[in-house]
Amino acid sequence: MSGQAKSRIFPVVVISFFCVTVIAGLFGTLLPSLNYLPVIGYTRISLSAWFDFFSYPGIQTSFFVTLFSGITASVGVVSLAFLFITFSYGTALWKFFEKILSPVLSIPHAAFAVGFGFLIAPSGWLIRMISPALTGFTMPPDWIILNDPAGISLTIALVIKEFPFLIMVTMGALGQLDIKETLLVGRALGYTKEQIWLKILIPRLYPHLRLSIFAVIAYSLSVVDMAIILGPSSPPSLAVLILRWFNDPDVSFKLLASAGSLFLFAIVLLSILGVYIMERAVVVFLRPWITNGKRRCFLSRLKPIIFFMGCGTLFFTAVSSVILVIWSLTWQWRFPDFLPTTWTLTFWAKGLVSSFDPVMTTLFTGVASAFIGLLLAIGCLEHEVAAGKTRTRNYTGYLHYFLYLPLLVPQITFMAGIQFLLVIMKMDGYWMSLMVSHLLFVLPYVFIALSATYLAFDERVTDQAMLLKRSYIAVLFRVKLPMLIKPILFSFAIGFSVSVAQYIPTMLVGAGRFSTITTEVVSIASGSDRRVIAVYALIQQCLPMTMYAMAIILPKILYYNRKGMQV
Amino acid sequence: MSLELENLSILKQGSAIFDPVNLVINPGEITTIMGPSGCGKSTLLSAVSGSLDQVFTLKGSILLYGSNMADLPMEKRNIGILFQDDLLFPHMDIAGNLAFAIKEKTSRVEKNKIIDKALKTAGLQGFEKRDPSSLSGGQKARISLLRSLLAKPSALLLDEPFSKLDQTLKAKIRLFVFSQIKKMNIPALLVTHDPRDCPEGGMILNLNKEEG
């Protein structure tokens, strides 16, 4: 049993890893923002970087665009998710969402943004669909839809991309509520289903979703890859501007970038604080509404609209992928035509060759970080199981508080600091550093994805096996883990897809020495040939899809003759 | 007169799960349905309440003061239910749980009076601000009943409401529940497998299914 007792090393290592990287990263950003970066000869502490930042031309516009797109997207997606579950829970639509969710979630942000851009652009598919029949356009209109200065297309894309994420988190939390019984009690008291959701179930659901909602806010305010592809460009949103400064050949811009990224962090913190205060206020002000006795709900009229919007997110995600496929096979496509006139495989042939190196880097980094993430997650969960059995202290319990840490601080803020520290320690530009930086974001998702099923494992099986085998390691690897092969492979695929989607860590920690398929997609997205971009975006999209497919097929092959494993 | 089941039967894949039920319950009366587990008594109750699973089909009629409930959704039937579990909402205090049941167009002051009065009848005066999870099993059961009754249901269904209470509490809670039903003067339908749960002098119906 000593193996189990020692297992607390896992949660301790993981918690330290999260805390050390985030705190060191923030520290590493703070110093340059105070004019201290010895590597490039700045040693005198001053606030000049901050003054430069606030007086940078167009900074106000950048600030407002960031705030507008980030807050609108967060409020929009959270309201949509809550109303969607209110109206659709238990319906066929909800069950359909349950099935379709993982492939939808696996689509990398950049690939989706590229496809979405191909749809909504003035020369995009949506306008082609109705032209010239309805619009009379024979030339693309000169509307600014893509990269619009107010960031509206970015905001809409963020809502579409984050909606399935929130639904997934909600589905996970629903298991902890007695929904069926609550609906029965509420209906016996004369309330409609919608009213019970709004008055009873969502207030109870919210605490389980709070951290995920905070993560959505942090992400929306600090998104970079989608903002480069869809957001405004002059001036861009803060996070994009900061990345430009980091990559500026003039190294003194790094000071400005550090100040900016800390300012961005402050915006995120204040927004989260604002949402928390709003939550408290809502709790107080809505209490009378909850018990006002009204059984009917005016919101019921929104039902068709919410269904329409919920399905709309799926529609746009699906059509964004379809348009990528079409463009990747296009040879000639004149404007108002609905489909290309001539097709070709040329761009695939070229793209597959030229993307080989970035794809390999993506693959190795993804597999390595997902695998290590999985090992650490299993270690932590085994510790939790062991602590439960022996009634000793469960260190993994603390992990839940730290899990969201890397997701709540803007990536650009602490990844920049980590890059500075790596430069000082002469560890920048190593593949290992890159992989570990991915692990930071892979691990939380792997852990969240795995924990519920892992902890629900019937431990009597392990106990029985222990009596027969007497070796903890043997039982773990020969009985328990093989029985859990499905959720394990599945969370591996999730971890892999998180790694594939990483943009900022690769840009900053990779120090320009590594390009993944994601950094390639983002860098060619503006200005290159649509056909080339489409091929790259599809390759990026295919990587996680392939991993998900393997996670589904592999257990079926391994256990084709075991009916008990096919459930 | 007030709650009538006429030729009520429930079919699963075309065959009835028990013989047709005919039943009349007058206001203030409690009729008990007895039978071993699996005989369909809970299914019968869910048919009356309106929460029948879609695998079943309902035949016959459910009349509440003369109007047929069978096609109405659960929330429009005005039939209260008391479950095995108290099912109090854990994020609200006791007053909140009770206020949730009171119909609209009642002023706040009036609501508070109603809640105070209800709590007094249950011997739980001053419990307004208490957290449901700090209450004992018996107290929770009483609050749960009060909540069902404050919605002013036209009939009450009791789904083995005493089965999870310990032996000493059972008799007390039973008396409380029965006396409240008498006071409200509404028909009640009780489902149980414990003969001691039946109120004295109440009608008892055994659910059967003829063989073959």
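Student: Is the crossing of H21(A) and H22(A) left-handed or right-handed?
Tutor: The crossing of H21(A) and H22(A) is right-handed. A crossing is left-handed if the near helix is turned anticlockwise from the far one by less than a right angle, and right-handed if clockwise.

Student: What kind of model is this, and how do the numbers and letters work?
Tutor: This is a predicted model: local features need pLDDT of at least 70, side-chain atom pairs count only at pLDDT 80 or more, and totals for chains, interfaces and linings use all residues. Residues are numbered from 1 along each chain as its sequence is written, while chains are lettered from A and ligands numbered from 1 in the order in which they are written.

Student: And what do H and E labels stand for?
Tutor: Helices (H or I, at least four residues) and strands (E, at least two) are DSSP runs, numbered from the N terminus.

Student: Back to H21(A) and H22(A). At what angle do their axes cross?
Tutor: At roughly 135 degrees, and the axes come within 10 Å. Axes are lines fitted to C-alpha atoms, for helices over the stretch in contact, and angles run from 0 to 180 degrees between N-to-C directions. H21(A) and H22(A) are therefore oblique to each other. Angles under 35 degrees count as roughly parallel, over 145 as roughly antiparallel, 65 to 115 as roughly perpendicular and the rest as oblique.

Student: Which residues make the contact?
Tutor: From H21(A) come A:Val461, A:Thr462, A:Ala465, A:Met466 and A:Lys469. From H22(A) come A:Ala474, A:Val475, A:Val479 and A:Lys480. Two residues are in contact if their C-beta atoms, placed from the backbone, lie within 7 Å. By class, there are six nonpolar, one polar and two charged residues. Ala, Val, Leu, Ile, Met, Phe, Trp, Tyr, Cys and Pro count as nonpolar, Asp, Glu, Lys and Arg as charged, and the others, Gly among them, as polar.

Student: Where is A:Arg470?
Tutor: A:Arg470 is in the loop between helix H21 (459-469) and helix H22 (472-483) of chain A.

Student: Exposed or buried?
Tutor: A:Arg470 counts as exposed, because there are 9 C-beta neighbours inside 10 Å. A residue is buried if 20 or more other C-beta atoms lie within 10 Å of its own, exposed if 12 or fewer, and partly exposed in between; C-beta atoms are placed from the backbone.

Student: Now another helix pair. How do H16(A) and H23(A) cross?
Tutor: Their axes come within 8 Å and cross at roughly 135 degrees. That makes H16(A) oblique to H23(A). The crossing is right-handed.

Student: Which residues meet there?
Tutor: H16(A) brings several, including A:Thr362, A:Gly366 and A:Ala370. Among those of H23(A) are A:Ser491, A:Phe492 and A:Gly495. The contact of H16(A) with H23(A) divides into seven nonpolar, eight polar and no charged residues.

Student: Zooming out, what are the domains of chain A?
Tutor: Domain 1 is 1-35 + 347-567, and domain 2 is 48-344. The bounds come from an automatic or database domain assignment. The C-alpha centres of the two domains lie 24 Å apart.

Student: How many residues are in contact between them?
Tutor: 40 residues of domain 1 of chain A are in contact with 45 residues of domain 2 of chain A. On the domain 1 side, H26(A) gives the most, with twelve residues. That side has 29 nonpolar, nine polar and two charged residues.

Student: What about chain A and chain B?
Tutor: 18 residues of chain A are in contact with 21 residues of chain B. Helix H9 (179-188) and helix H10 (193-222) of chain A each supply at least two residues of the chain A side. H9(A) has the largest share, five residues. The chain A side divides into eight nonpolar, five polar and five charged residues.

Student: Last one. What is phi of A:Lys426 and of B:Lys152?
Tutor: A:Lys426 has phi near 55 degrees, a positive value in a residue other than glycine. A:Lys426 is exposed, with 8 other C-beta atoms within 10 Å. B:Lys152 has a positive phi near 50 degrees. B:Lys152 lies in the loop between helix H4 (137-150) and strand E8 (155-159) of chain B. With 14 C-beta neighbours inside 10 Å, B:Lys152 counts as partly exposed.
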